[in-house]
Number of protein chains: 4
Amino acid sequence: MTTATEQVAAEPRRRTGVWFVGARGSVATTATVGALAVRAGLAGRTGLVGELPEVAAARLGDLGGLVVGGHDVSATPIGKRAEALAAGGVLPYDLPRALAAELAGVDARIRPGVNAADVPQRQAARALESDLRSFRTAHGLDRVVVVDVSSTEPPVGASPVLDSLDELEQALDRGESPLPASSLYAYAAFRAGCPLVAFTPSPGPRPAALGELAQECRLPWAGCDGKTGETLLKTALAPVFATRALRVRSWASVNLLGGGDGATLADPAAVVSKTATKGRGLEVILGERVDGPMHIDYVEDLGEWKTAWDHVSFEGFLGTRMSLQFTWQGCDSALAAPLVLDLVRLVARAHQVGEVGPLTALGFFFKDPAGSDEHRLSAQWDALCAWCARLGEADR
Amino acid sequence: MTTATEQVAAEPRRRTGVWFVGARGSVATTATVGALAVRAGLAGRTGLVGELPEVAAARLGDLGGLVVGGHDVSATPIGKRAEALAAGGVLPYDLPRALAAELAGVDARIRPGVNAADVPQRQAARALESDLRSFRTAHGLDRVVVVDVSSTEPPVGASPVLDSLDELEQALDRGESPLPASSLYAYAAFRAGCPLVAFTPSPGPRPAALGELAQECRLPWAGCDGKTGETLLKTALAPVFATRALRVRSWASVNLLGGGDGATLADPAAVVSKTATKGRGLEVILGERVDGPMHIDYVEDLGEWKTAWDHVSFEGFLGTRMSLQFTWQGCDSALAAPLVLDLVRLVARAHQVGEVGPLTALGFFFKDPAGSDEHRLSAQWDALCAWCARLGEADR
Amino acid sequence: MTTATEQVAAEPRRRTGVWFVGARGSVATTATVGALAVRAGLAGRTGLVGELPEVAAARLGDLGGLVVGGHDVSATPIGKRAEALAAGGVLPYDLPRALAAELAGVDARIRPGVNAADVPQRQAARALESDLRSFRTAHGLDRVVVVDVSSTEPPVGASPVLDSLDELEQALDRGESPLPASSLYAYAAFRAGCPLVAFTPSPGPRPAALGELAQECRLPWAGCDGKTGETLLKTALAPVFATRALRVRSWASVNLLGGGDGATLADPAAVVSKTATKGRGLEVILGERVDGPMHIDYVEDLGEWKTAWDHVSFEGFLGTRMSLQFTWQGCDSALAAPLVLDLVRLVARAHQVGEVGPLTALGFFFKDPAGSDEHRLSAQWDALCAWCARLGEADR
Amino acid sequence: MTTATEQVAAEPRRRTGVWFVGARGSVATTATVGALAVRAGLAGRTGLVGELPEVAAARLGDLGGLVVGGHDVSATPIGKRAEALAAGGVLPYDLPRALAAELAGVDARIRPGVNAADVPQRQAARALESDLRSFRTAHGLDRVVVVDVSSTEPPVGASPVLDSLDELEQALDRGESPLPASSLYAYAAFRAGCPLVAFTPSPGPRPAALGELAQECRLPWAGCDGKTGETLLKTALAPVFATRALRVRSWASVNLLGGGDGATLADPAAVVSKTATKGRGLEVILGERVDGPMHIDYVEDLGEWKTAWDHVSFEGFLGTRMSLQFTWQGCDSALAAPLVLDLVRLVARAHQVGEVGPLTALGFFFKDPAGSDEHRLSAQWDALCAWCARLGEADR
């Protein structure tokens with residue numbers, strides 16, 4: 001794994017900001033600590049896809065140059081959160097201490113989030129937008145990428161107000177609050193001229209009205225729902241059955257989650273978003289609906305860790321029944337954080353070269369790739385590499 | 001899964017023979033029963049890669065048109081062997097009975113194999129070659145594909161006699177017997193004008209002298225060592241780690257095998273061939289040697305079944321340690337037999353359009369792809385599809 | 001494993017009948033085929049606990065002497081059902097054919113079951129009771145053991161009518177139908193003087209009114225819910241943690257079931273009975289409630305097979321976190337059927353020596369042992385052996 | 001889990017010393033840190049069997065009163081070793097720092113070990129014996145329990161010198177060195193009047209000559225080879241098959257070990273000791289030899305952790321084949337250390353009440369229980385509890 005440092009060094013300096021929605025959560029904290037640690041030479045680049053030569057070929061901005069800010073409804077300082085993660089084995093024990101000053105600096109740039117139901121959303125959106133503009137100006141940033149890593153929301157039902165930007169604007173003008181929180185943040189981001197990464201399965205930029213807005217503002221965005229564990233494996237393994245003409249008879253999936261993510265998903269409404277995005281790929285890859293339960297269970301004692309068990313029953317030549325099982329034991333934040341940093345750099349670069357709308361070439365990173373029906377991991381990798389090669393040629 | 005029957009129906013009838021080296025073994029018996037059952041409408045086409053539209057695009061010969069013969073040192077009739085496989089749950093219970101007459105017909109075409117050490121190999125090769133020519137003539141076949149599915153042999157050491165066709169011929173002329181059995185069969189196949197499939201890890205067509213011979217005879221061949229289980233999964237999963245920039249720290253593999261294949265591999269010399277071909281892919285895909293044991297154990301009670309357990313320890317962002325385990329429970333013959341039938345049809349087609357030498361586009365089927373260093377399953381699939389598309393256009 | 005045949009041979013012949021509620025279901029069919037096959041010398045005694053010397057010490061009646069009859073609402077002959085089980089790999093392929101005549105004989109003794117809601121239960125009970133008395137008389141049986149292996153019912157709510165035999169009789173006299181079907185069968189069994197085995201988690205003999213009735217009729221009974229798979233392992237493994245002072249932090253259980261049992265349990269009301277009996281043991285053994293989901297999922301393609309995956313997270317010295325996972329792949333009927341035959345012989349023997357009420361020494365066989373809070377498998381084994389030794393001395 | 005503190009408080013103070021052979025290894029370090037942490041109120045008592053009421057009933061000495069010393073050939077201070085273990089997640093991160101002074105105190109009591117081959121063993125034994133006597137006197141200890149937790153040695157062949165104490169003494173007098181190191185330490189321990197715990201599979205006190213010596217010195221000893229992981233589970237699970245009359249057809253075991261223990265076992269001679277003790281129990285419990293490989297593999301990256309995978313193929317009623325798999329992920333030191341502390345307290349108590357020779361009631365703790373053929377974990381637990389109850393009554 002050679003890094004892309006030399007190539008990148010030659011680039012004109014671009015200053016990129018990252019604005020986390022959910023800036024004091026596990027994923028944002030791990031990403032922030034990680035970016036600072038890499039800059040300080042306290043950590044390596046394992047897990048950063050952007051450091052692989054095929055992706056670095058896009059001429060990405062430097063990881064060390066990122067300036068971090070964000071919104072959060074929690075008041076626990078990011079430094080404290082980092083210490084808790086270190087105690088749980090997610091971060092190297094000494095890192096939060098070593099980066100205490102830098103983390104305090106980030107924490108000072110975190111602004112209180114809005115509660116989507118509290119105030120008329122027109123007003124709330126203006127406040128969020130203003131936070132983003134101030135951040136960009138204050139730090140002399142060329143661009144700010146907004147990344148939603150906040151708690152998963154339930155899916156929204158069909159609604160005419162969300163189906164058209166015109167209708168949405170009129171509703172906001174009437175003092176209504178039709179947007180789920182994730183879409184409110186997406187609205188503010190686009191209005192502030194910021195590209196977006198939707199890392200959760202929440203609605204975010206997906207309602208049609210917001211798609212129109214991104215188009216109108218000439219902004220790229222990426223989503224949805226980071227593919228970090230069980231679904232990652234599913235989209236690598238399902239093609240084995242498809243290309244070997246083996247018939248998958250059932251595929252059972254069990255996800256045991258601890259920590260914050262799990263707790264949110266103990267809410268049955270929120271879990272609907274997750275099981276929907278998780279189930280989609282299998283059906284597309286195998287070309288038919290497959291029987292079998294999919295469970296997402298909150299098991300408090302697992303902390304930041306998750307264990308997934310999948311059982312696949314399949315049929316081979318002459319009807320012979322066979323099976324595959326796997327167990328994946330991963331740390332959610334450690335898997336998600338580097339992808340978030342990769343996406344920030346990739347989306348910033350896409351913005352720089354003028355790409356607009358859902359970035360379909362980034363499906364590699366997502367359970368529910370916006371604008372694409374390609375779920376096979378390796379095909380997504382090929383698409384990513386091809387796109388990065390193109391980006392690399394874009395503005396020479 | 002749409003089948004390719006309609007397309008193929010329009011083709012001019014080509015008559016293809018299959019000649020199994022090890023014709024009364026589990027894999028050849030299952031392949032033979034399967035081909036007969038599909039022809040008789042007693043079985044479906046699950047597991048046959050050649051029936052997927054991307055592969056059928058090559059305009060393959062019809063499965064039902066295959067004529068089966070072969071060599072074997074065993075005298076147990078193939079019908080008896082089929083009954084034993086049915087009793088063990090590998091074949092549907094009634095199939096051997098339903099196909100008894102056809103199986104007897106095949107059995108009548110099986111000729112005694114040679115023991116490589118018994119007679120001067122010049123003479124043995126002539127006898128084998130004559131069997132092949134007689135088979136082709138007697139059944140009016142356009143071509144005969146020889147498939148080695150006999151017991152695994154130990155690797156051969158370096159030897160000048162195997163390094164050049166000239167040297168080899170002189171040694172044979174001198175009455176020597178320098179060839180391992182699998183290479184003796186390959187020699188006879190090529191001399192008889194037959195393309196070859198090397199489905200085991202035995203030396204077969206790999207010594208340079210035999211490569212020269214294939215070239216001289218303008219024959220294609222495919223190999224080596226069918227990728228049916230644990231290695232199949234490895235080459236689908238290792239790219240996940242590679243493309244996600246995750247560092248694999250160790251990869252332990254345990255294979256519990258029953259039946260004949262297992263028994264051969266209880267011989268430590270033979271197992272060397274197997275572990276060598278199994279280990280190769282991981283290193284190539286991950287770009288470095290990976291620690292961890294690889295065991296192949298013979299457990300008699302497992303019969304035709306095999307269970308593989310793999311444990312992968314890997315490191316993510318900021319050094320976090322995570323793991324993946326999988327258990328694969330498969331039936332060796334049910335996995336191998338359809339691939340053998342696919343390879344016969346693909347190699348026959350390659351021969352028809354004039355391809356010569358190792359067919360690198362068939363790496364998808366093999367643990368140790370001849371002429372190629374591409375081990376990633378999905379990249380192999382893409383290469384296979386591209387090649388099939390080309391073959392489809394070849395002689396219109 | 002020495003068998004108890006010689007010992008038993010010396011006993012005075014006792015003629016025991018088995019009356020299955022659900023006589024054409026998978027478990028009853030497998031038990032019936034098994035008993036016939038053992039008698040005919042077509043099968044061995046693996047899986048029969050009653051053949052272990054410690055249990056045979058009770059001087060059990062001979063397996064070959066059992067006469068089988070039963071109730072069922074299904075009309076599919078037991079011979080047909082046996083063939084289906086053989087096709088699914090649960091029974092040796094040739095057994096149903098070899099035993100066709102005997103199976104037809106059993107089938108002729110199966111009477112239509114009652115639908116608990118159809119007729120006043122006083123009348124229904126009399127009909128069932130009369131079936132049992134006729135069976136006993138017609139075959140000159142010393143006793144008939146009724147075994148409930150019918151579909152699982154939901155638990156019943158508290159009800160004064162089920163709490164006292166007096167109240168129950170008055171309700172029946174008033175033409176009411178207060179009993180769940182399983183308890184109606186238990187009522188009829190006791191009234192007919194038959195001891196009972198409650199092999200499912202249905203209410204059966206557990207309501208207090210039926211307990212009184214068993215006492216009044218001086219009858220023994222055994223239950224509830226055969227311990228055949230995941231719970232069997234749980235009650236063997238939980239004591240490891242308890243006696244090693246390791247703290248179990250979470251225990252997640254996933255059961256994938258096919259076939260009939262699974263289909264019933266797809267009904268969420270019925271599954272409540274099952275999860276209740278499955279969960280009980282763990283808490284008692286570990287001395288505290290343990291976090292973690294318990295899933296029972298119906299996966300049609302699994303047929304008669306079930307796969308359970310359990311994940312146990314535990315804490316050792318100085319807070320170190322460790323884990324245990326297991327996967328159990330079993331055939332429900334093959335596991336349950338021999339236990340049913342064991343229980344028939346044990347309960348018949350208990351009846352012979354005059355035991356009355358719930359047989360607490362039979363907890364070894366059950367998920368929810370009637371009359372006992374001992375769930376540890378080995379302690380249950382010890383209790384069983386001690387009881388069998390006592391029975392062996394009882395009437396010499 | 002109630003602790004035994006109140007009971008024990010009333011006992012007359014006994015001062016017990018622990019002398020570790022291998023005092024700076026992982027197990028001894030973890031045990032030492034653990035005992036100090038419990039005393040300081042910095043850690044709980046999870047994992048300590050001696051704190052369960054059934055075992056505490058023996059009236060064990062207080063954990064906090066133990067004085068630790070030992071031999072080691074390594075010079076790395078125990079404090080440094082503790083820090084390395086904390087970095088690897090085996091010990092809570094802050095513990096080594098918090099206990100630095102106490103650990104330095106222990107380290108000052110560690111004496112250089114002997115190399116068994118270096119000097120005539122008569123002289124070496126005297127030096128070791130003198131270390132033990134000095135330790136006991138210097139700290140005013142009532143007794144010192146020697147615990148062998150050093151590296152595993154190969155088994156010794158038959159030798160007349162090791163078969164009789166007389167012969168052994170004469171050989172030592174002749175200046176010979178016939179003892180493996182573990183037996184040399186056992187010799188010195190007994191000569192110094194110290195009871196012994198053999199926690200490894202090394203020969204230690206097992207040669208007959210040393211058994212005689214223990215008898216002559218009226219000393220109790222316990223062994224051999226702590227049962228901490230895969231074998232623990234085996235001896236809990238094998239009785240399930242035995243008591244359910246299920247036939248185990250094969251049992252495959254794979255142990256992936258990191259760290260020091262693994263490294264030693266990369267030596268094929270040493271691994272023989274381990275596989276011998278590991279294999280014994282299964283055969284005894286099941287009453288027959290069982291097919292299947294047993295692997296112990298060193299995988300460096302696993303550090304102090306071990307992962308075991310077992311695959312059990314078994315046969316039920318009517319020959320149906322089923323399987324059980326388990327994966328155990330544990331930390332060797334965290335599992336072994338509390339058992340070592342339990343054994344010290346139990347053996348000290350046995351010494352106090354005058355028990356002599358191998359303590360068969362301690363089989364619960366060992367893979368190869370000295371003086372006993374009982375391997376079933378629950379039967380061992382029952383025996384331990386009964387013995388502890390007796391000890392509790394011993395000297396009132």
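This is a predicted model: local features need pLDDT of at least 70, side-chain atom pairs count only at pLDDT 80 or more; totals for chains, interfaces and linings use all residues.
**Entry 1: chains C and D as copies**

I began with the general idea that two copies of a chain are related by a rotation about an axis and a shift along it. For this pair I looked up the superposition, and I found that chain C can be laid on chain D with an RMSD of 0.0 Å by a turn of 180°, with a shift of 0.0 Å along the axis. The two copies are thus related as by a two-fold rotation axis. I then asked which residue of chain C comes closest to the rotation axis. The residue is C:Phe326, whose C-alpha lies 2.1 Å from the axis.

**Entry 2: the interface of C and D**

Next I looked up the contacts, and noted that 60 residues of chain C touch 60 residues of chain D, taking contact as heavy atoms within 4.5 Å. I also noted that 100% of the interface residues of chain C are interface residues in chain D as well, so the copies meet through the same surface. The area buried between chain C and chain D is about 4,600 Å², and carbon and sulfur atoms give 67% of it. Of the area that chain C buries against chain D, 20% is supplied by C:Arg244, C:Phe317 and C:Leu318, more than by any other three residues. I counted zero salt bridges between chain C and chain D, whereas 13 residue pairs are in polar contact there, both at pLDDT 80 or more.

**Entry 3: the interface of B and A**

I repeated the look-up for the other pair, where 60 residues of chain B are in contact with 59 residues of chain A. Chain B and chain A bury about 4,600 Å² between them, with 67% of that area on carbon and sulfur atoms. Here B:Arg244, B:Phe317 and B:Leu318 supply 20% of what chain B buries against chain A, more than any other three residues. Across this interface I found zero salt bridges and 13 residue pairs in polar contact, both at pLDDT 80 or more.

**Entry 4: pockets and cavities**

How much space lies in the second largest pocket? I found about 1,700 Å³, with a lining of 49 residues, and those nearest the centre of this pocket are B:Gly88, B:Gly89, B:Trp305, C:Gly89 and C:Trp305. Sorted by class, the lining of this pocket has 20 nonpolar, 21 polar and eight charged residues.

A search of the whole structure gave me twelve cavities of 30 Å³ or more. The second largest cavity has a volume of about 130 Å³, and of the 16 residues lining this cavity, A:Thr327, B:Thr327, C:Gln325, C:Thr327 and D:Thr327 are the closest to its centre.

Methods: Residues are numbered from 1 along each chain as its sequence is written. Chains are lettered from A and ligands numbered from 1 in the order in which they are written. Side-chain values use heavy atoms; hydrogens and water are left out. Copies are superposed by least squares on the C-alpha atoms of residues with pLDDT of at least 70 in both. On a 1 Å grid over the protein atoms alone, a cavity is a set of points where a 1.4 Å probe fits but cannot get out, and a pocket is an open set with protein on both sides within 12 Å along at least five of seven lines; lining residues have an atom within 4 Å of a point. Grid points are joined across faces, edges and corners, and a volume is the space filled by probe spheres set on the points. Ala, Val, Leu, Ile, Met, Phe, Trp, Tyr, Cys and Pro count as nonpolar, Asp, Glu, Lys and Arg as charged, and the others, Gly among them, as polar. Buried area is the accessible area (1.4 Å probe) that two parts lose on being put together, summed over both. A salt bridge is a side-chain nitrogen of Lys or Arg within 4 Å of a carboxyl oxygen of Asp or Glu. A polar contact is a pair of N or O atoms within 3.5 Å; within protein, one must be able to donate a hydrogen and the other to accept it, and residues adjacent in sequence count only if both atoms are side-chain atoms.
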